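The sequence and the model are shown below.

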Amino acid sequence: MFWRKKRTFEEKKKFKLVLRREDSLFLLSQARALHPKEFISLLRGKVKKDENIVYVSEVIVPPLATYGHGFSTYNPYLMPIIADIVGTAHSHPSGARLPSFEDLRNFIGYALLIVCYPYESSEDIYAYDSRGRNVEMEIS
Ligand SMILES: [Zn+2]
């Protein structure tokens, strides 16, 4: 009998993240507007497991988000129940590209987007999976 261990989507090595151009521009403008504070937002979308693609369809700015220097939080109890959250995005005013230990500890969904100073173009947006590995990103 042929037996194969079932793997979850998260355990798989690589997936691709597809972000709409308007959403990438929104993330950059939010990061610029709040600089030097951090901003945070949630990414809504859908996952095509057979193609290993995560599509972001909407960027949601959480209500009553607290923006600070070196941190940004939101109250999860104030969030509407949204089942299709595929990840989060936040800015790094320091320009650091890599996710911090805290970023990975607070990981939600499939992908983490880091919007790095100087927030000039989609080249300043980096995508990571829950293990902090770089994820291929396509701006559509
Ligand atoms: Zn961070």
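Y119 counts as buried because it has 21 C-beta neighbours inside 10 Å; a residue is buried if 20 or more other C-beta atoms lie within 10 Å of its own, exposed if 12 or fewer, and partly exposed in between, with C-beta atoms placed from the backbone. Although Y119 is not a glycine, its phi is positive, at about 55 degrees. Y119 belongs to the loop between strand 7 and strand 8. Strands (E, at least two residues) and helices (H or I, at least four) are DSSP runs, numbered from the N terminus.

P118 is found in the loop between strand 7 and strand 8. The peptide bond that joins Y117 and P118 is cis, with omega about 15 degrees.

## Basis of the model

This is a predicted model, in which local features need pLDDT of at least 70 and side-chain atom pairs count only at pLDDT 80 or more, while totals for chains, interfaces and linings use all residues. Residues are numbered from 1 along each chain as its sequence is written.

## Overall architecture

The secondary structure of the protein chain consists of two helices and nine strands. Along the sequence these elements follow the pattern β-α-β-β-β-β-β-α-β-β-β. Of the 140 residues in the protein chain, 27% are buried.

Among contacts in the protein chain with a separation of 6 or more, 63% link residues 24 or more positions apart; two residues are in contact if their C-beta atoms, placed from the backbone, lie within 7 Å.

## Strand pairing and the hairpin

Strand 1 and strand 3 run parallel and are joined by four bridges; two strands pair if DSSP finds at least two bridges between them. In this pairing, V18 stands opposite Y55 of strand 3. Strand 2 and strand 3 pair in the antiparallel sense over seven bridges, and L43 has V59 in strand 3 as its bridge partner.

The hairpin of strand 2 and strand 3 has four residues between the strands. N52, in the loop between these two strands, has a positive phi near 60 degrees and is a residue other than glycine. With 14 C-beta neighbours inside 10 Å, N52 counts as partly exposed.

## The largest nonpolar core

The largest nonpolar core has 24 residues, of which L27, L43, A111, L113 and V115 touch the most other members. The elements that give two or more residues to this core are strand 1 (16-19), helix 1 (21-34), strand 2 (40-48), strand 3 (53-60), strand 6 (85-92), strand 7 (111-116) and strand 8 (125-128). Strand 7 gives the most, with five residues. A nonpolar core is a set of buried Ala, Val, Leu, Ile, Met, Phe, Trp, Tyr and Cys residues joined through C-beta atoms within 7 Å.

Leaving aside residues up to four places away in sequence, A111 touches L17, V54, V86, G87, A127, Y128, D129 and V135.

F101 is found in helix 2 (residues 101-105). F101 counts as exposed because it has 8 C-beta neighbours inside 10 Å. F101 and G132 are 31 residues apart in sequence, and their C-alpha atoms are 9.1 Å apart in space.

P36 is placed in the loop between helix 1 and strand 2. A cis peptide bond with omega about 5 degrees joins H35 and P36.
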